[in-house]
Amino acid sequence: MPYPARCPARNLNGRMCDKPAGQGTHHRGYGTCIWHKGGQRHVEEAWAMAQEIAAERNITPHEALIELVRTATGRAAWVDGVLATQMREHVEGGGDPMKPPPSLTKWLAQSRDERKLAAATAKQAVDAGVMVALERRLDLEGELVASALSAALDSLDLDHEQRVRALGAAQQHLLGAAALPGGTT
């Protein structure tokens with residue numbers, strides 16, 4: 001049975017909210033409940049976009065929101081690259097580095113707009129509880145792996161020393177995987 005989605009927010013007492021994810025909102029099953037900012041317009045809009053993208057690309061709404069953040073920050077970085085190239089050409093041509101040429105005005109405005117969009121998208125993802133939900137999912141997956149490993153070792157009827165060596169080998173393998181470029185650290 002899959003883990004029931006809960007609101008990822010914490011109550012004033014520091015405990016996890018006991019309401020279902022998205023309760024009282026248009027994004028039921030995802031993100032924060034109505035009592036934890038889930039009903040705010042920008043959160044509702046973020047989940048609507050995420051669900052649309054998720055359906056188109058066959059990914060989860062959480063992954064779609066993260067993709068929206070990556071896209072927005074990528075666009076901001078691209079505009080900044082254009083600005084840097086044109087500013088370098090301006091300075092190399094004898095221009096004052098403190099006075100950009102008028103041709104950069106539109107790029108400066110675009111950079112500012114792209115950064116605002118990236119920040120707003122990231123805020124929507126945070127308010128929607130995406131990172132907390134993904135963190136919870138990773139914790140649950142880790143617990144599942146640990147439980148499966150423990151069950152496998154139990155079935156082998158190993159003595160204490162063999163079990164410790166097997167766990168050590170598994171730990172070294174996981175730490176090695178995390179150090180690779182595709183790893184988590």
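Predicted model: local features only at pLDDT ≥ 70, side-chain atom pairs only at ≥ 80, totals over all residues.
Are Glu161 and Arg165 buried or exposed? Both Glu161 and Arg165 are exposed, a class that requires over 50% relative accessible area, whereas buried means under 20% and partly exposed lies in between (1.4 Å probe, protein chains only).

Residues are numbered from 1 along each chain as its sequence is written, and side-chain values use heavy atoms, with hydrogens and water left out. The protein has an average pLDDT of 83.

The structure contains seven salt bridges, each defined as a side-chain nitrogen of Lys or Arg within 4 Å of a carboxyl oxygen of Asp or Glu. Among them are the following.

| Salt bridge | Closest N and O atoms |
|---|---|
| Glu45 and Arg41 | 2.9 Å |
| Arg163 and Asp154 | 2.7 Å |
| Glu161 and Arg165 | 3.4 Å |

Glu161 and Arg165 are separated by about one helical turn, because they stand four residues apart in helix H5 (residues 160-179); helices are DSSP runs (H or I, at least four residues), numbered from the N terminus. Arg163 is partly exposed at 23% relative accessible area, as is Asp154 at 48%.

The charged end of Lys19 sits over the ring of Trp35, 5.5 Å from its centre; this description requires NZ of Lys or CZ of Arg within 6 Å of the ring centre and within 35 degrees of the ring normal.

How values were computed
pLDDT = per-residue confidence, 0-100. Helix = DSSP H or I, 4+ residues; strand = E, 2+ residues; numbered from the N terminus.
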